[in-house]
Amino acid sequence: LKAGTVWINCTNVFDAASGFGGYRESGFGREGGREGLREYVVRTQGRRGAGAQGAKSRAPAKWVDPATKARATAKRGGAPSSPPGIDRTAKLVIGGKQARPDSGYSTPVHAPDGTLVGEVGTGNRKDIRNAVEAAAKAAGWGRATAHLRAQVLYYLGENLSARADEFAARIARLTGATRRAAAAEVEAGIRRLWTYAAWADKWDGAVHHTPFRNVTLAMPEPLGVLGIACPREAPLLGFVSLVAPALALGNTVVVVPSERAPLVATDLYQVLETSDVPPGVVNIVTGPRDELAQVLAAHDGVDGMWYFGSATGSTLVERGSAGNLKRTWVSYGEGRDWMDVRAGEGREFLDEATQVKNIWVPYGE
């Protein structure tokens, strides 16, 4: 049963110690119990420059479109180097297969110095629709054992570790980071995969202390199909930090990777294929982040939406989700430090990846 409250051999039993609420039109969020209290908590940790007293976070550095920079370089007489002659346009991943974008268009990806590094497919509304359908068909992932999900995440970490140097070189090339910083990001991504593999079979429910002769169980369950729009910064670590907790708890995902460096996410295709991730569990659609995020937010087949980007994009996502009352988690800014374990991983992510079902079972005197 996909419900927020289930009464067995009883009905309309309520208590402030136990959460109450449903899904979408039958209830938005939870009231009562620990999960209800969590709805009123504002987390401020993990912002760059934020101190213990809640000081204002430092504004992130302004991002300059590499394509604009490349055109400016060309006008000054300097031309960025051309890519290899072979067509290496990265495709989308939908239903476990690489797919050409419906539009037939591609988006150039530039290095910070304006050099053209490659191209990725430009996804659109139809590609999102296909990805959501594929994610819905992979719902068996949520019914798989937690141990199985943990093993798959461990495989992901192991296979990513085997190609750590390759990913570090790619991150350094696309973002301008030093090789040492890029290697640190890859290492943090591997550790984060293993962390959520360990959490997969340990995210337990609870028994509420209600005044009636009931066993009132609070059981965390996956949201279902989860849309994720990744931040521009930390293209690998941001991707892993958002996808791993969702997968660990049984969600299937449609991901829009970093718009700044999407080739890091497309390089993960082979890692996913060789790590026993079932088809449709992870779907990747490259393209304009805010545009695709709005389509995901408005889609009735998406059960939850995570958006880590600008304040404007966050507002548009929340407005788009209002039509079907899906659960959202937005950042209202790109200042999160993904290398910080207090900000980039932990219970906050696991809470947002689950809904709590409260089950009342009377047991008599």
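Helices (H or I, at least four residues) and strands (E, at least two) are here DSSP runs, numbered from the N terminus. The exercises below concern a predicted model.

**Exercise 1. State how many helices and strands the chain has, and describe its burial and contacts.**

Solution. 
1. Under the definition above, the chain contains 14 helices and 13 strands.
2. Buried means under 20% relative accessible area. By that cut-off, 48% of the 365 residues of the chain are buried.
3. Take the contacts between residues at least 6 apart in sequence: 72% of them join residues at least 24 apart.

**Exercise 2. Determine which elements have the lowest and the highest mean pLDDT, and where pLDDT stays under 50.**

Solution. 
1. The average pLDDT of the chain is 85, and 86% of the residues score at least 70.
2. Among the elements, helix α2 (residues 66-75) has the lowest mean, 47, whereas strand β9 (residues 252-256) has the highest, 98.
3. Over residues 45-64 pLDDT stays under 50, and the model has 28 contacts beyond four places in sequence for this stretch.
4. Residues 73-84 also stay under 50, with seven such contacts beyond four places in sequence.
5. Where pLDDT is low, the predicted coordinates should not be read in detail.

**Exercise 3. Characterise the largest cavity by its volume, its lining and the elements that contribute to that lining.**

Solution. 
1. The structure holds one cavity of 30 Å³ or more.
2. The volume of the largest cavity is about 130 Å³.
3. Its lining consists of L153, L156, L160, L193, F239, V240, V243, A244, L247, L268, V271 and L272.
4. Two or more lining residues come from each of α5 (146-162), α8 (235-248) and α10 (269-273).
5. Helix α8 provides the largest share, five residues.
6. Sorted by class, the lining has 12 nonpolar residues, no polar and no charged ones.

**Exercise 4. Locate N9 and A234 in the chain and give the phi value of each.**

Solution. 
1. Most residues other than glycine have a negative phi.
2. N9 has a positive phi, near 55°, and is not a glycine.
3. N9 lies in the loop between β1 (5-7) and α1 (33-38).
4. Exposed means over 50% relative accessible area. N9 has a relative accessible area of 77% and is therefore exposed.
5. A234, likewise not a glycine, has a positive phi of about 45°.
6. The loop between β8 (225-229) and α8 contains A234.

Key
Residues are numbered from 1 along each chain as its sequence is written. This is a predicted model: local features need pLDDT of at least 70, side-chain atom pairs count only at pLDDT 80 or more; totals for chains, interfaces and linings use all residues. Side-chain values use heavy atoms; hydrogens and water are left out. pLDDT is the predictor's confidence in each residue, from 0 to 100. Contact means heavy atoms within 4.5 Å. Buried means under 20% relative accessible area, exposed over 50%, partly exposed in between (1.4 Å probe, protein chains only). On a 1 Å grid over the protein atoms alone, a cavity is a set of points where a 1.4 Å probe fits but cannot get out, and a pocket is an open set with protein on both sides within 12 Å along at least five of seven lines; lining residues have an atom within 4 Å of a point. Grid points are joined across faces, edges and corners, and a volume is the space filled by probe spheres set on the points. Ala, Val, Leu, Ile, Met, Phe, Trp, Tyr, Cys and Pro count as nonpolar, Asp, Glu, Lys and Arg as charged, and the others, Gly among them, as polar.
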